[in-house]
Amino acid sequence: GATSLAGAVDDDFPEGQSASFLEELHNEHPEIEERQYQADCLDKLIHVRSLGLKRALVNMATGLGKTTVVATDTKRYTEIEQPGAKVLFLSHRNEIGDQARLRFENIIGGDPKKFGTLNGVRKENTNAQFLFASIQTLQGRKEDYDPEEFDYVIVDEGHHGKAESYEPLIMHFRPKFLLGLTATPDRADLQ
């Protein structure tokens, strides 16, 4: 299939919970296509958390809508599962974080002050509910944040999680849920 989700204990999970959520999102934002594999992925994320698992990896090819999936899941998480939860989106490039922030702002909506950026170019609203940070910049400022400050941490290019630049930062935080995003989950070093 187009998506896989590492961490799911079994494939016996309730399907169809997310299709209506995506349809509602599409009605509000017609420019966002609703795709069945995205709904399936969202259902699996709900299932993983319902099992008490605290981390997952979404593997989806470039261009298939990983950011839309995670923004939609984050909207549901912060409005339904854990209202008011704080979210950290980590990326290795400023452009990726900026693009993700725009998608999240579009999907989640509400007060623009809920969103912040921390990277080598911009530092604005760094205590926002939704913080988009570069790995490199946050690495030098991680001590400014309590390890339990963020309830949901998203790591773009999650397959780099064991890299020297990523791992200390990821290990600093203890979120209720950690989600990796990648189009290439297999590492040459098998880590």
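## The largest cavity

The largest cavity takes up about 40 Å³, with volume meaning the space filled by probe spheres set on grid points joined across faces, edges and corners. A cavity here is a set of points, on a 1 Å grid over the protein atoms alone, where a 1.4 Å probe fits but cannot get out. This is a predicted model, in which local features need pLDDT of at least 70, side-chain atom pairs count only at pLDDT 80 or more, and totals for chains, interfaces and linings use all residues. Numbering runs from 1 along each chain as its sequence is written, and side-chain values use heavy atoms, leaving out hydrogens and water.

Lining residues (an atom within 4 Å of a point) include Arg93, Asp98, Leu118 and Phe132.

A pocket is an open set with protein on both sides within 12 Å along at least five of seven lines. Of its 16 lining residues, Lys66, Thr67, Ile96, Gln99 and Asp156 sit closest to the centre.

## Helix H3

H3 (residues 66-81) is mostly covered, with 12 of its 16 residues buried (under 20% relative accessible area, 1.4 Å probe, protein chains only). Among them are Lys66, Val69, Asp73 and Tyr77.

Key. Buried means under 20% relative accessible area, exposed over 50%, partly exposed in between (1.4 Å probe, protein chains only). Helices (H or I, at least four residues) and strands (E, at least two) are DSSP runs, numbered from the N terminus.
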